[in-house]
Amino acid sequence: MSYLVDSKKIQNFTHNVDASFSQEDISTTVEYFPGTEVTYTPTSGASKVIYECDFQVSWNPDARGSYIYGRLQESTDGGSSWSTISGTYASDGTFSAASDYDWFQVRYIFVINSWSGSKKLRIVGRTSSTSQEFTIGRSWNASGSEGSDAPPHVSICSVM
């Protein structure tokens, strides 16, 4: 997503990439999407916060496993407990045929109410199927070969 940056309206922009990330299989139970967690303190007086996350998904290890149910969670106690932010449920992907082997880029953009103080945010989710998994961060090159791990990119900013 592109923004015309008006320093009076968009402030405290942060971009995070977890350099220690390695691809991860996501199963049928709700679990943390690695590399999507960020700690953030909005600018005082902000009305909204925009959390944006881009990551790669592959069907691997299961065909038809690349259909995602995701959501944004928050923690106000340093990550000891988490709760889903209302209105942030999303589903992405395809589920069209028994031989559906999809690789695709996902972009979640959540515009949420601002808060005071520090808070952790992260994406969690699961696959839509009860018998299949997908992988976050498995990349595929144009040459038809697997690439290195592709970490999620998280951007966050305050909107005045």
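Both Y40 and W115 are buried in this predicted model, where buried stands for a relative accessible area under 20%, exposed for over 50% and partly exposed for values in between, computed with a 1.4 Å probe on protein chains only. Residues are numbered from 1 along each chain as its sequence is written. Because the model is predicted, local features need a pLDDT of at least 70 and side-chain atom pairs count only at pLDDT 80 or more, while totals for chains, interfaces and linings use all residues, and side-chain values rest on heavy atoms, with hydrogens and water left out.

The structure holds five aromatic pairs, a pair being two rings of Phe, Tyr or Trp (for Trp, its six-membered ring) with centres within 6.5 Å, called stacked when the planes are under 30 degrees apart, edge-to-face when over 60 and tilted for the rest. One of them joins Y40 and W115 in an edge-to-face arrangement, at 6.4 Å centre to centre and with 75° between the planes. Since Y40 belongs to strand β4 (residues 38-40) and W115 to the loop between β9 (103-113) and β10 (119-127), this pair ties together parts that are 75 residues apart in sequence; strands are DSSP runs of E with at least two residues, numbered from the N terminus. F55 and Y108 also pair edge-to-face, at 5.7 Å centre to centre and 65° between the planes, and they link distant parts of the chain, with F55 in strand β5 (residues 48-58) and Y108 in strand β9, 53 residues apart. F55 counts as buried because its relative accessibility is 1%, and Y108 counts as buried because its value is 4%. These two residues belong, together with F33, Y51 and F110, to one aromatic cluster.

The largest nonpolar core has 24 residues, of which Y51, F55, L121 and I123 touch the most other members; such a core is a set of buried Ala, Val, Leu, Ile, Met, Phe, Trp, Tyr and Cys residues joined through side-chain atoms within 4.5 Å. Two or more residues come from each of β4, β5, β6 (68-75), β9, β10, β11 (134-136) and β12 (153-159), and β5 gives the most, with five residues. Neighbours within four places in sequence left aside, the contacts of I123 include Y51, C53, F55, Y108 and F110, contact meaning heavy atoms within 4.5 Å. In soluble globular proteins, nonpolar side chains tend to be buried together.

Conventions
Helices (H or I, at least four residues) and strands (E, at least two) are DSSP runs, numbered from the N terminus.
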